[in-house]
Amino acid sequence: RIGRVMTNLVNQTKSMAVKGPGLKPAGIIVLQFALIFLVESFEYWLTKVGMFTGITLVICSIAGLILGRRGTSFTNAINPPLAFFFATILIMTFFGGADLHPNRIGLDLITAMANVAPYLILSSVIGWVGFAIKRNR
């Protein structure tokens, strides 16, 4: 059932895809990192990392499937969790007041990842299933 739903999602993304070649792997990385960084820094400024950043992770995975060129689905599957990790470290270092103290930044990093864990899992599942479906074509 889940495979059928994801196949339908990938088929729908083909019809919504941009006209022309689409984004290269570097473009997907920059787009996903920038979007995650902006939303996460805004959410971190208001409270702590949570639902809006998680929804952004899922949107980034779907957008990578839609906007990417042929052969970029592996980059799309790998990048959102890594972009979230590096964006979180940058935000905590520069905006969070954690400096580079290992105890503080480690605790904040684990807390941020725990808050968005379900969205990280969903984002990874979307990315990897999209990769598997596109690879088998």
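Biologist: How many aromatic pairs does this predicted model contain?

Modeller: The count comes to six aromatic pairs, where two rings pair if their centres lie within 6.5 Å.

Biologist: Why is the pair of Phe42 and Trp45 called tilted?

Modeller: Planes under 30 degrees apart count as stacked and those over 60 as edge-to-face, with the rest tilted. The planes of Phe42 and Trp45 stand at 40°, and their ring centres are 6.1 Å apart, so the pair is tilted. Both residues belong to helix α2 (residues 25-46); being three residues apart there, they are separated by about one helical turn.

Biologist: What makes Trp45 count as exposed?

Modeller: Exposed means over 50% relative accessible area. Trp45 has 67% relative accessibility and therefore counts as exposed.

Biologist: Which residues do ring pairs link into a cluster?

Modeller: The cluster consists of Phe74, Trp128 and Phe131.

Biologist: Which kinds of element make up the protein chain?

Modeller: The protein chain has six helices and zero strands, and its pattern along the sequence is α-α-α-α-α-α. Of its 137 residues, 37% count as buried.

Biologist: How do you know that the length of helix α5 agrees with its number of residues?

Modeller: Helix α5 (residues 102-115) has 14 residues, which should span 20 Å at 1.5 Å a residue; its end C-alpha atoms are 20 Å apart, so the values agree.

Biologist: Which residues of α5 are buried, and what puts them on the same side?

Modeller: The buried residues of α5 are Ile105, Asp108, Leu109 and Ala112. They cover an arc of only 105° around the axis, which puts them on the same side of α5. An α-helix has 3.6 residues a turn, so residues three or four places apart point the same way. On the other side of α5, Pro102, Asn103, Leu107, Ile110 and Ala114 are exposed. The buried residues of α5 pack against α2 and α4 (73-94).

Biologist: Why is Arg104 called partly exposed?

Modeller: Partly exposed lies between the 20% limit for buried and the 50% limit for exposed. Arg104, a residue of helix α5, has 40% relative accessibility and therefore counts as partly exposed. Its C-alpha atom is separated by 9.4 Å from that of Met92, twelve residues apart along the chain.

Biologist: Which residues have the most contacts inside the largest nonpolar core?

Modeller: That core has 15 residues, and those with the most contacts inside it are Ile36, Val49, Leu57, Phe84, Met92 and Val116. Two or more residues come from each of α2, α3 (51-67), α4 and α5. The largest share, five residues, comes from α4.

Biologist: Which residues does Leu57 touch?

Modeller: Leaving aside residues up to four places away in sequence, Leu57 touches Ile36, Pro80, Phe84, Val116, Leu120 and Ser123. Leu57 is also among the buried residues of α3, including Thr53, Val58 and Cys60.

Key:
Residues are numbered from 1 along each chain as its sequence is written. This is a predicted model: local features need pLDDT of at least 70, side-chain atom pairs count only at pLDDT 80 or more; totals for chains, interfaces and linings use all residues. Side-chain values use heavy atoms; hydrogens and water are left out. Helices (H or I, at least four residues) and strands (E, at least two) are DSSP runs, numbered from the N terminus. Buried means under 20% relative accessible area, exposed over 50%, partly exposed in between (1.4 Å probe, protein chains only). The expected span of a helix is 1.5 Å times one less than its number of residues. The arc is that of the directions from the helix axis to the C-beta atoms. Contact means heavy atoms within 4.5 Å. A nonpolar core is a set of buried Ala, Val, Leu, Ile, Met, Phe, Trp, Tyr and Cys residues joined through side-chain atoms within 4.5 Å.
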